[in-house]
Protein chains: 2
Amino acid sequence: MTTGSRHGGQPSSPTPRVRLVDVAREAGLSKTTVSAALNDTGRLSPAVREKARETARRMGYRPNATARQLRAGRAKLIGYVVGEAVDARSVFLESPYFARLTGATAATALRRGYAMVLLPAGSLQSEWADLPLDAVVVTDPDADDRIVDDVLAAGIPVFSDRSVEGRPGAYWVDVDTEAAVRSALDHFHEQGARRPVLVVPDSTTRFHTEVFAAHREWCAEHGLPERAVRVPEAGNGPVVRAVETALAGGPAGDRREGGGGSDGEDRPDALLVVAEASPPLVLEAARRHGYSVPDDLLLACVSEDVTAEHTEPPVTTLSLRPEAIAEAGIEHLVRVLEQGGREPAGTLVPTRLDVRASSVRRHG
Amino acid sequence: MTTGSRHGGQPSSPTPRVRLVDVAREAGLSKTTVSAALNDTGRLSPAVREKARETARRMGYRPNATARQLRAGRAKLIGYVVGEAVDARSVFLESPYFARLTGATAATALRRGYAMVLLPAGSLQSEWADLPLDAVVVTDPDADDRIVDDVLAAGIPVFSDRSVEGRPGAYWVDVDTEAAVRSALDHFHEQGARRPVLVVPDSTTRFHTEVFAAHREWCAEHGLPERAVRVPEAGNGPVVRAVETALAGGPAGDRREGGGGSDGEDRPDALLVVAEASPPLVLEAARRHGYSVPDDLLLACVSEDVTAEHTEPPVTTLSLRPEAIAEAGIEHLVRVLEQGGREPAGTLVPTRLDVRASSVRRHG
DNA sequence: ATGAAAGCGCTAACAC
DNA sequence: GTGTTAGCGCTTTCAT
C-alpha cells in the first residue's frame with residue numbers, strides 16, 4: 001500500500017515533477033538520447049530526436065535548472081546592489097536614475113541569459129553569501145564602501161564604476177563625467193550665463209566627486225569664480241534647501257559681505273543641479289526666490305525624471321542614459337564571464353543633454 | 001607536466017575554489033563530519049567541530065549553493081514581475097509605489113532566506129523558463145494577463161493580488177481598496193466637499209477596477225453624482241490632462257450643456273487622483289485652471305511620492321503602504337512554501353491616509 | 001546512432 | 001562520535 005515512499009522531499013510536493021529519466025523511460029530511450037535530443041547536440045536520427053521531443057512535450061517535461069547549473073559550474077545569476085546611501089534602505093529605487101538602471105540591467109541580463117537578483121541597498125556580502133552568484137554589480141559605491149572588497153574577497157567578479165579601476169577581478173562602466181559637466185556648463189555659457197552655480201551631493205561616490213572636480217576645472221579655465229553648494233544628504237527636501245542656498249548668494253563658504261540686497265552682480269544666472277530632485281520642485285524653489293526661468297536664471301538638472309518635460313517651462317536635463325550604462329555593463333560582464341579573456345576592464349558611456357526651454361535665453 | 005587537467009570546467013577558473021572534500025582532507029576528517037560541523041547538525045565532539053570549522057575558515061571555504069539547492073530540492077529563489085503595463089517595458093520602477101514595493105519585497109525576501117529575481121515587466125514565463133524559481137510574485141496583473149496562467153501551468157506557485165482568488169496554487173495579498181477609497185472620500189465630505197471628482201486609470205487591474213466600483217458605491221450612498229475621469233494610459237502627461245478634464249467640468253461622458261463659464265454649481269470642489277502622477281504637477285494643473293488649493297479645491301493623491309510633502313501646500317496622500325504589502329506577501333509566501341499546509345490564501349492590508357494641508361479647509 | 005556510467009558538490013541515511 | 005555511501009537531476013565522455 002505504500003504508494004511511493006517520498007525519500008528526501010518536501011512536505012508534500014503538489015506534483016512530483018517529471019524528470020529526464022521519466023521521459024526516457026516513457027519514450028523507451030535512454031537519458032542520454034533524450035538529453036541530446038532536447039539540447040540539439042550529438043548525432044541522433046531525426047526520427048528518434050523527434051520522438052524524444054514529442055514525448056517530453058507531451059509529458060510537460062521541464063529541465064531542472066539547478067541540476068544543470070551544478071553540472072555547468074555556473075548559475076547564470078548575478079547580484080545587483082546599490083552601494084550609495086547605505087542608510088536609505090530600499091528607497092534607492094525611487095530615484096528615476098536607479099530605477100531605470102535597475103530595470104534595464106535586469107532586462108538586459110535576462111536577454112543574455114542571466115537572472116538578476118536584487119540585493120537590498122547597503123546589504124553586506126555576508127547576508128547573501130549562499131547565493132550562487134557568478135558576479136555582482138555594484139552601482140555607485142561610496143569611496144569607503146566595504147562591499148566591493150567583500151565581494152572580491154569571496155572570489156566573485158565585480159562590475160562597478162570607475163572607482164574600482166585596477167583591482168583584479170573588478171571591471172567598470174562609467175559615465176563620461178567630465179564631458180557631461182562640460183556640455184552643461186558650455187551650454188550655459190553659450191546662452192550668455194556668466195555666474196553659474198552647481199548643486200552637487202556631498203557624497204564620496206565617484207560620480208559626484210568627479211562632477212565637483214570637473215566643475216572646478218571648467219571654472220578655472222573660463223576664469224569664472226567657482227560657485228558650488230554641496231548637499232549633505234539625499235532627498236528632495238535637502239536638495240531644495242541647497243538650491244535655495246545657491247540662489248540666495250554665492251557658494252557656501254563665500255563672501256556674503258554687505259547687509260541686505262546685494263543683488264545684481266552676485267545673483268547666479270544659471271543653475272546646474274546634479275543632485276536627484278524633482279524638477280518641478282526645483283523650478284518652484286527658483287520662483288519663490290524671485291527668479292524667472294529662463295529669463296534671469298537658466299536651469300538644468302542631471303536627472304532622468306520625466307516630469308521635467310511637463311513643467312512650465314520644461315526643464316533641460318542631462319541624462320546619464322541608464323539604459324546605455326546597463327547595456328554596456330552587461331555586455332561587458334557577459335564577455336568577461338563567458339570568454340574569460342582579459343577584457344579591457346572599462347567602458348565609458350557618453351551622456352546626453354536634452355535642451356529644453358528652461359536653459360534657453362528668450363528673444364535671440 | 002600536466003598541472004591538473006581541468007575536467008569539465010570553465011575556460012580558466014581564477015581560483016579552483018575549495019570544496020568540502022578539500023577541507024575534510026586537510027582536517028583529516030570526512031566530508032560528513034565537516035558538513036555536520038558547519039551546519040551545526042549531528043553529534044560531534046566540540047573539539048572536532050571546532051577543528052573542522054577552523055580549517056574551513058582558514059581555507060576560505062564557501063559552500064557551493066547550487067549543490068545545496070540540488071540536494072534540498074528548492075532554490076530559495078523567487079521571481080518578481082510587474083504585470084501591469086506590458087508596454088511600459090522596464091519603466092515601472094519609476095513609479096514610487098512599484099519602486100518601494102519592489103525594494104521592500106527583495107529586502108524582506110532576503111531576510112527570510114529567499115533571493116528575489118527581478119523579471120522585466122510584461123515578460124513571458126517562457127523567457128525565464130529555466131530559472132529554478134520556487135514561486136513567482138506577480139504584482140497587479142491585468143485582467144487578461146497570461147502570466148499568471150503560464151506560471152501556474154508550469155507548476156509554480158503564484159503570489160499576486162486578489163484577482164487570482166480561488167485558483168489552486170495561487171495566493172494573494174491586496175490592499176483594502178474599498179476602505180481606502182472610503183477614507184479619502186469621507187475625509188473630503190467631512191471637510192465640506194460635495195462635488196468630488198475621481199481620476200483613475202482605465203486599466204483592468206484589480207485595484208483600479210475596485211477603486212472605480214468603490215467610488216461609484218460611495219457616491220450612490222451619499223446621493224452625490226458620480227464624477228470620474230478615466231485615464232487612458234500611464235504617465236504624467238496623460239494623468240495631468242485627465243486632471244484638467246476633471247477640473248474643466250464633470251465626468252467624461254457628461255452633460256456640458258451651455259457654452260462658456262458654467263462655473264459655480266458644476267465646478268468640482270475636491271479631487272482624488274488615483275493614477276500615479278507627480279503631486280507638484282497635479283497641483284500646478286489645478287492652479288492653471290484657476291483653483292486655489294485647498295480653498296476652492298481639496299486635493300488628495302494615491303501616491304507614495306515623497307514630493308507630496310514638499311509642495312506648497314503639501315499634498316494629502318493615500319498611501320498603499322508598499323512595505324506592508326511586501327512584508328505580508330513574503331510572510332505568506334514563506335509560510336506556504338515551507339509549511340506547505342493549505343494557508344488562508346489571502347491577506348488584506350489596510351492603507352493610510354496622510355492628511356496634509358491640500359485637503360483641509362482653512363479657517364475652521 | 002544509441003546507451004552505460006561517471007560525476008558536478010553537497011547532505012542525510014545508515015553503518016561501525 | 002565518525003566515516004561510508006547513496007543519491008539530488010542533469011550532461012558528457014566513452015564504449016558499443
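The surface near DNA strand C comprises eight nonpolar, eight polar and six charged residues, where Ala, Val, Leu, Ile, Met, Phe, Trp, Tyr, Cys and Pro count as nonpolar, Asp, Glu, Lys and Arg as charged, and the others, Gly among them, as polar. The model is predicted, so that local features need pLDDT of at least 70 and side-chain atom pairs count only at pLDDT 80 or more, whereas totals for chains, interfaces and linings use all residues. Residues are numbered from 1 along each chain as its sequence is written, chains are lettered from A in the order in which they are written, and side-chain values use heavy atoms, with hydrogens and water left out.

In total, 22 residues surround DNA strand C, the closest being Thr33(A), Val48(A), Leu20(B), Lys31(B) and Tyr61(B); a residue is taken as near a strand if one of its heavy atoms lies within 4 Å of it. Polar contacts (pairs of N or O atoms within 3.5 Å) include one between the side chain of Thr32(A) and a base nitrogen of DNA strand C, at 2.7 Å. Phosphate oxygens of DNA strand C are approached by the side chain of Thr33(A) at 2.5 Å and by that of Tyr61(B) at 2.6 Å. Helices H2 (31-39) and H4 (65-72) of chain A and helices H2 (31-39) and H4 (65-72) of chain B each give two or more residues to this surface, helices being DSSP runs of H or I with at least four residues, and strands runs of E with at least two, numbered from the N terminus. The most, four residues, come from H2(B).

For chain A, UniProt lists residues 18-72 as "domain: HTH lacI-type" in an unreviewed entry, an annotation that may be inferred rather than shown by experiment. Over residues 18-72 of chain A the chain is 71% helix and 0% strand, with the end C-alpha atoms 21 Å apart.

Three cavities of 30 Å³ or more were counted, a cavity being a set of points, on a 1 Å grid over the protein atoms alone, where a 1.4 Å probe fits but cannot get out, with lining residues having an atom within 4 Å of a point. The largest has a volume of about 210 Å³, and Pro280(A), Glu284(A), Arg287(A), Pro280(B) and Glu284(B) lie nearest its centre among 18 lining residues. Helix H10 (279-288) of chain A and helix H10 (279-288) of chain B each give two or more residues to that lining.

Key:
On a 1 Å grid over the protein atoms alone, a cavity is a set of points where a 1.4 Å probe fits but cannot get out, and a pocket is an open set with protein on both sides within 12 Å along at least five of seven lines; lining residues have an atom within 4 Å of a point. Grid points are joined across faces, edges and corners, and a volume is the space filled by probe spheres set on the points. A polar contact is a pair of N or O atoms within 3.5 Å; within protein, one must be able to donate a hydrogen and the other to accept it, and residues adjacent in sequence count only if both atoms are side-chain atoms.
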